[in-house]
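Student: I am new to this structure and would be grateful for a close look at one part of it. Could you take me through the ligand site, and then outward to the parts beyond it?

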Amino acid sequence: MSSSDLVMEFSFEEAQRLDVAAREAILEAPGFGKHFTDHMVSIEWTAERGWVDARVMPYGPLVMDPASSVFHYGQEVFEGLKAYRHDDGGIYTFRPEQNARRLNTSATRLALPHLPVPTFVESLKQLVRADSDWVPAGGENSLYFRPFMIADESFLGVRSAHKVRYMVIACPVGPYFEHGIKPLSIWLSTKYSRAGRGGTGEAKCGGNYAASLLPQQEAYDNGCAQVLFTDAATNTIDELGGMNIFFVRGENTLVTPTLNGNILHGITRDSIIQLARDRGMTVEERDVTIDEWRSGVDSGQITEVFACGTAAVITPIGQLKTPDFVIGAADTEPGEVSMSLRAELTGIQHGRVEDRHGWLVRLDA
Ligand code: PLP
Ligand code: COI
């Protein structure tokens, strides 16, 4: 099978499954990223043969050579998307081709190979078929897929690897933030940057998240759940450590930082822009400064702020804390626009609102 084939054939090795009662207990209160399903997907790539050996296999530890380049030079990219069980029992995912394309854009930046889009989508279908019992029913819980690609050539020379592995693992998830959709306090990182011109800011690569961990710890130390990064040169607002940001201005306008090369092209961000335009709202993608946020809240022009992403869905932001001042307040109520966009988006994803843009893809049929 070569990488030019549209959809690869997957071999299947049955796992020793977790017993039903233990699985049901996990599905009742899954948390986020703590419990993994019984199987995982693995596909290998070599420079000579392209993508080969696609498997669905028991979830478990990998045996890897300690010289594998991912351990030393961090050549890795990943994705995040969810599967939703609809009331009719069908299992659907949301805009998976967008994740597949973004994986490939990230892969280009990290000098990793492209995975054909149909193979990406098929890898999700294969995993769901093996582990369909792990997709939660009802409420807002879902199955979170974590596709990723790592360099696993044993070679310490600094160049792109000639041997790579693509994998998908999955975990049932509830809300990303333990307190649910209560407005967040976020922390402005003034000391550390996440991205700069020509860097890897818009790639979804592990290194960006590694670089965010120290400022994220600073956020926790200041009672905040997420860290906000600004452009290293211009100080305009980029995004949070793991989500994009939106401002509601005046009666009918959404403002979000433009895709400036530093920030992730969020699929939730793109979907919100579409849903807002469908409602007749004006959406401005442009530079936003901390000063605009501060004066907009003071004057009443900025009425709501929210974070968005696959994990976060839409989570209101109550306040921004900085070393010198605070904007907003922690005890605000979630805003009307944020919550109504959230209801529409989650309604589409869970099959309770009409999918008029054809965003859902069925995985189990
Ligand atoms: N920005 C960052 C840094 C992220 O990690 C994520 C999460 O994937 C997002 C934005 C939102 O992207 P998406 O809506 O595609 O999940
Ligand atoms: C996602 O939303 O899928 C992410 O990768 C972000 C991370 C905070 C879990």
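**The ligand site and beyond**

Tutor: In the side chain of Lys204, an N or O atom lies 2.7 Å from an oxygen atom of ligand 2. Such a pair is a polar contact, defined as two N or O atoms within 3.5 Å; within protein, one must be able to donate a hydrogen and the other to accept it, and residues adjacent in sequence count only if both atoms are side-chain atoms. The model is a predicted one, in which local features need pLDDT of at least 70 and side-chain atom pairs count only at pLDDT 80 or more, whereas totals for chains, interfaces and linings use all residues. Residues are numbered from 1 along each chain as its sequence is written, chains are lettered from A and ligands numbered from 1 in the order in which they are written, and side-chain values use heavy atoms, with hydrogens and water left out.

Ligand 2 also meets the backbone of the protein. A polar backbone atom of Ala311 is 2.8 Å from an oxygen atom of this ligand, and a polar backbone atom of Thr310 is 3.5 Å from one. On its own, ligand 2 has 280 Å² of accessible area, and the protein covers 90% of it. Accessible areas come from the Shrake-Rupley method with a 1.4 Å probe, and for residues only the protein chains shown count as cover. Around ligand 2 stand Phe78, Gly80, Tyr144, Arg146, Tyr176, Lys204, Gly242, Thr310 and Ala311; a residue is listed in this way if one of its heavy atoms lies within 4 Å of the molecule.

Ligand 1 has 17 residues around it, of which Arg102, Tyr209, Glu239, Thr268 and Thr310 come nearest. Thr310 places a polar side-chain atom 2.6 Å from an oxygen atom of ligand 1. The side chain of Arg102 has an N or O atom 2.7 Å from an oxygen atom of ligand 1. For Lys204, the corresponding distance from a side-chain N or O atom to an oxygen atom of ligand 1 is 2.9 Å. Ligand 1 taken alone exposes 380 Å², and 96% of that is buried by the protein.

Arg102 counts as buried because its relative accessible area is 9%. The limits are under 20% for buried, over 50% for exposed, and partly exposed in between, with a 1.4 Å probe and protein chains only. Its side chain makes a polar contact of 2.8 Å with the side chain of Glu79. A polar atom of the Arg102 side chain also lies 3.0 Å from the backbone oxygen of His265. Leaving aside residues up to four places away in sequence, Arg102 touches Glu79, Gly80, Lys204, Leu264, His265, Gly266 and Ile267, where contact means heavy atoms within 4.5 Å.

The whole structure holds 21 salt bridges, each being a side-chain nitrogen of Lys or Arg within 4 Å of a carboxyl oxygen of Asp or Glu. In one of them, Asp152 and Arg165 are joined at 3.8 Å, N to O. This pair links distant parts of the chain, 13 residues apart: Asp152 is in the loop between β7 (142-151) and β8 (163-173), and Arg165 is in strand β8. Both partners are buried, Asp152 at 9% relative accessible area and Arg165 at 12% relative accessibility.

Another salt bridge brings Arg356 and Asp278 together, with their closest N and O atoms 2.8 Å apart. Here too distant parts of the chain are linked, 78 residues apart: Arg356 belongs to the loop between α8 (336-349) and β18 (360-362), and Asp278 to helix α6 (residues 267-278). Arg356 is partly exposed, with a relative accessible area of 40%, and Asp278 is partly exposed at 33%.

Finally, Asp221 lies in helix α5 (residues 206-221). Asp221 counts as exposed because its relative accessible area is 58%. Its C-alpha atom is 28 Å from that of Arg269, a residue 48 places away along the chain.

Definitions and conventions
Helices (H or I, at least four residues) and strands (E, at least two) are DSSP runs, numbered from the N terminus.
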